[in-house]
Amino acid sequence: MRRVVGRRGRALVTGATGGIGEATARRLAGDGFKVFVGGRRFERLERLAGEIDGAALPFDVTSEAEVELARAEVETGGAPLLVLVNAAGVFDLAAVTQTSGEMLRRNLEANLVGTVNVTRAFLPGMLAARSGLVINVGSVAGWRAFPENSAYSASKYGLRGFHDVLLEEIRGTGVRACLLEPGAVDTPIWDPLDPDASPHLPSRGQMLRAADVARAAGFVAGLPADVAVPLLRIERA
Ligand SMILES: NC(=O)c1ccc[n+]([C@@H]2O[C@H](COP(=O)([O-])OP(=O)(O)OC[C@H]3O[C@@H](n4cnc5c(N)ncnc54)[C@H](OP(=O)(O)O)[C@@H]3O)[C@@H](O)[C@H]2O)c1
C-alpha cells in the first residue's frame with residue numbers, strides 16, 4: 001500500500017535526536033505529518049529522517065541565526081507549520097551550593113531561551129495562517145520542587161511562565177499551545193546520572209517511556225483545530 005506522506009501538514013520536532021523528541025517525530029510521521037527533525041547531531045537526524053520520510057534540520061535552538069535558517073527552510077514555498085514540538089533540552093543536577101553560573105546558563109539557554117527562540121520564529125507564520133499548534137515540553141520539575149534541581153527547575157518554571165503568556169497572546173487567533181509536563185521518562189538524558197545506581201533517583205523501570213509521551217503529543221496534535229489542551233501532565237500510574 002502506498003504511504004501518503006505529509007497529508008496532514010508540516011510538523012517540526014526539536015530534540016529529535018533524543019528520547020522524547022525522536023519518539024514524537026516517529027509518532028507524528030506515523031500519523032501522517034511531514035516531519036522536520038531538529039537537533040545538532042547530523043548523522044542521527046539524517047538516519048531518522050530517512051526512516052520516517054521526513055527532513056533533517058540540523059540547528060542549535062540557542063542560536064537565533066540558526067533558528068532563522070531553519071525557519072526559512074521549513075516555510076519554503078509558503079507552507080505554514082502546523083505543529084511545532086519544542087522537545088530540545090538538557091538536565092543537570094547539583095545542590096544549590098554546587099550550581100555554577102555556567103550550569104545555570106546551560107539549562108536556561110537550552111530549555112527556556114531555545115524554546116522561546118524557536119516559538120518566536122514560527123509563530124508569525126502560524127498567526128498569519130490562523131492555525132497551528134505549539135507543544136512545549138515542560139516537566140514535573142516545572143511545578144514541583146526536587147532537591148538538586150535548581151538550574152533545571154528554574155528553566156522549566158520559567159518555561160511555564162513563558163507558556164502561560166503565550167496562551168494569553170494567542171487567545172482567539174486560531175493558534176493553540178500545549179504545555180506537556182511529564183514525570184521522569186526513561187531516555188538518554190539520564191545516562192550521565194545512572195539512576196538505577198542511585199537511591200535518590202527513580203529507577204528506569206519506574207519511569208514513563210518516551211513512546212508514552214509521544215502518544216500524548218500525538219493525541220493533542222490529532223484533535224480538531226477548535227479543541228485546545230493548554231496543559232497536559234503525564235505521570236507513571
Ligand atoms: N527524560 C525525562 O525524564 C524528562 C522528564 C520531563 C521532561 N523532559 C524534557 O523532555 C525534553 C527531551 O528530553 P529527553 O529526555 O528526550 O532528553 P534527551 O534524550 O537527552 O534528548 C535531548 C534532545 O535535546 C537536543 N538538544 C539539547 N540541546 C540542544 C540545543 N542547544 N540545540 C538543539 N537541540 C538540543 C538533543 O539533540 P542534540 O544533542 O543532537 O543537539 C536531544 O535531541 C527536554 O526538554 C527535557 O527537559 C524529560
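Val 13 has Val 85 as its bridge partner in β4. Strands and helices here are DSSP runs numbered from the N terminus, with strands (E) of at least two residues and helices (H or I) of at least four. The model is a predicted one, in which local features need pLDDT of at least 70 and side-chain atom pairs count only at pLDDT 80 or more, while totals for chains, interfaces and linings use all residues. Residues are numbered from 1 along each chain as its sequence is written.

**Sheet architecture**

- The strand order β3-β2-β1-β4-β5-β6-β9 describes an open sheet of 7 strands with parallel pairing; two strands pair if DSSP finds at least two bridges between them.
- At the edges lie β3 (55-58) and β9 (231-234), each of which pairs on one side only.
- From one strand to the next, the twist averages 15°; axes are lines fitted to C-alpha atoms, for helices over the stretch in contact, and angles run from 0 to 180 degrees between N-to-C directions.
- Strand β1 (residues 10-13) is parallel to β4 (residues 81-86), and 4 bridges connect the two.
- Within that pairing, Arg 10 has Leu 81 of β4 as its bridge partner.
- Strands β4 and β5 also run parallel and are joined by 4 bridges.
- In β5, Leu 133 is the bridge partner of Val 83, and Val 134 is the bridge partner of Leu 84.

**Helices on the sheet**

- Helix α1 lies across β1, β2 (34-39), β4 and β5 (133-137), and its direction makes about 170° with β1.
- Helix α2 (residues 42-52) packs on the sheet, where it touches β2 and β3 and runs at about 160° to β3.

**Burial and the nonpolar core**

- In β4, 6 of the 6 residues are buried; a residue is buried if 20 or more other C-beta atoms lie within 10 Å of its own, exposed if 12 or fewer, and partly exposed in between, with C-beta atoms placed from the backbone.
- In β5, 5 of the 5 residues are buried.
- Leu 133, Ile 135 and Val 137 point one way from β5, whereas Val 134 and Asn 136 point the other way, and all are buried.
- The largest nonpolar core has 54 residues, of which Val 13, Val 35, Val 83 and Val 213 touch the most other members; such a core is a set of buried Ala, Val, Leu, Ile, Met, Phe, Trp, Tyr and Cys residues joined through C-beta atoms within 7 Å.
- In soluble globular proteins, nonpolar side chains tend to be buried together.
- Beyond its neighbours within four places in sequence, Val 83 is in contact with Ala 11, Leu 28, Phe 33, Leu 133, Ile 135 and Ala 221; contact requires that the C-beta atoms of two residues, placed from the backbone, lie within 7 Å.

**Ligand shell**

- The ligand is surrounded by 30 residues, of which the closest are Gly 15, Gly 18, Arg 40, Gly 89 and Thr 187; a residue is near a molecule if its C-beta atom, placed from the backbone, lies within 6 Å of it.
- Helices α1 (19-30) and α4 (101-129) each supply at least two residues of this shell.
- By class, the shell has 14 nonpolar, 13 polar and 3 charged residues; Ala, Val, Leu, Ile, Met, Phe, Trp, Tyr, Cys and Pro count as nonpolar, Asp, Glu, Lys and Arg as charged, and the others, Gly among them, as polar.

- Ala 56 is found in strand β3 and is partly exposed, because 19 other C-beta atoms lie within 10 Å.
- The C-alpha atoms of Ala 56 and Gly 38 are 6.5 Å apart, although 18 residues separate the two in sequence.
- Not counting residues up to four places away in sequence, Ala 56 touches Val 37, Phe 42, Leu 45, Glu 46 and Ala 49.
- Ala 94 lies in the loop between β4 and α4 and is partly exposed, because 15 other C-beta atoms lie within 10 Å.
- Ala 94 and Ser 150 are 56 residues apart along the chain, with their C-alpha atoms separated by 7.4 Å.
- Leaving aside residues up to four places away in sequence, Ala 94 touches Thr 99, Met 103, Glu 148 and Ala 151.

**Positive phi values**

- Most residues other than glycine have a negative phi.
- Glu 148, not a glycine, has a positive phi of about 70°.
- This residue, Glu 148, is in the loop between β5 and α5 (150-170) and is partly exposed, because 16 other C-beta atoms lie within 10 Å.
- Asp 194, also a residue other than glycine, has a positive phi near 45°.
- Asp 194 is located in the loop between β7 (185-186) and β8 (208-209) and is exposed, because 10 other C-beta atoms lie within 10 Å.
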